[in-house]
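Have the structure open beside you as you read.

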Amino acid sequence: MGVHGVKAVFFDLDNTLVDTAAAGRRAIEEGRRALRRSSCLLQVISALQAKHQYSEGEARAICDKVQAKLLKECHDPAKMCITDLRISHWEEAIQETMGGEANRDLAAECYFLWKTTRLQHLTLAEDTRDMLTELRKRVRLLLLTNGDKQTQREKIEACACQPYFDAIVVGGEQKEEKPAPSIFHHCCDLLGVQPAECVMVGDSLDTDIQGGLNAGLKATVWLNKAMTTPVDISPMPHYIISSVLDLPAILQKMEHKINAKLGTDHMASNNG
């Protein structure tokens with residue numbers, strides 16, 4: 001990219017660079033199997049504990065409740081660590097489904113199996129790694145993700161994406177998260193660039209796109225994996241792609257527009 005073009009690209013992590021949702025679904029399936037195994041384990045380790053014979057339907061109901069709790073999760077790290085909160089999700093789901101006494105041990109077993117399995121399935125695809133490697137030859141790259149610092153750092157470590165970025169910023173480690181302009185301006189400061197020289201790429205209109213617009217970035221690129229585009233998009237991104245691999249073509253298009261404008265301006269000044 002030329003001096004007048006894009007100097008840096010900010011990437012979201014979850015469901016942009018890595019398919020967190022799919023990894024979570026695989027982890028939930030492991031959780032269902034864990035619940036079926038643990039009904040037998042509980043009979044051995046606690047004679048006083050009520051004995052549950054989990055059916056497939058009960059195990060599925062528990063995991064579905066956990067999934068719903070994760071989607072509505074509101075975490076305040078000042079009040080509770082993420083591990084305790086998510087064990088509580090499993091504990092509540094088991095109790096809501098099965099009744100009886102709360103079972104923290106079983107909840108913890110399910111949570112740690114879910115977490116381990118999800119991290120194992122988080123990968124940075126080879127074609128994505130290749131794209132990042134090529135892009136980094138021309139622009140600076142930064143990973144910008146919202147979320148609890150422990151959880152996000154574990155994901156970053158699991159998918160081994162650190163070598164592809166000049167900097168990594170986790171919202172949970174900052175005063176404000178996306179879409180606040182402050183975190184985007186912090187990213188700019190880290191890379192020594194101006195907001196008008198940066199592009200934000202992400203799957204969330206509310207955080208990635210709105211945040212990029214709030215911060216005055218050069219462009220926002222919305223990753224919309226759905227085959228159909230909603231009629232009313234708000235906020236409106238500058239560009240829409242269906243795969244993160246489409247980004248280089250968008251950057252190329254932006255560069256051509258800039259070069260064309262520079263050419264027009266140059267001709268106008270000469271004619272003047």
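Is Ile62 buried or exposed?

1. Ile62 is buried, because its relative accessible area is 0% (buried means under 20%, exposed over 50%, partly exposed in between, with a 1.4 Å probe and protein chains only). This residue belongs to helix H2, residues 56–71 (helices are DSSP runs of H or I, at least four residues, numbered from the N terminus). From Ile62 to Gln95 the C-alpha to C-alpha separation is 8.7 Å, although 33 residues part them in sequence.

2. A word on the model itself: it is predicted, local features need pLDDT of at least 70, side-chain atom pairs count only at pLDDT 80 or more, and totals for chains, interfaces and linings use all residues. Residues are numbered from 1 along each chain as its sequence is written, and side-chain values use heavy atoms, leaving out hydrogens and water.

3. Mean pLDDT (the predictor's confidence in each residue, from 0 to 100) is 84 for the protein, with 82% of residues at 70 or more. Please read residues 39–52 with care: pLDDT stays under 50 there, and the model has 10 contacts beyond four places in sequence for them (contact means heavy atoms within 4.5 Å).

4. Now look at helix H3 (residues 82–98) and helix H4 (residues 104–121), whose axes come within 8 Å and cross at roughly 120°. Residues that meet include Trp90 and Ile94 in H3, and Tyr111 and Trp114 in H4. By type, the residues of this H3 with H4 contact comprise 10 nonpolar, 2 polar and 5 charged.

Key
Axes fitted to C-alpha atoms, helices over the stretch in contact; angles between N-to-C directions. Helix = DSSP H or I, 4+ residues; strand = E, 2+ residues; numbered from the N terminus. Nonpolar A, V, L, I, M, F, W, Y, C, P; charged D, E, K, R; others polar.
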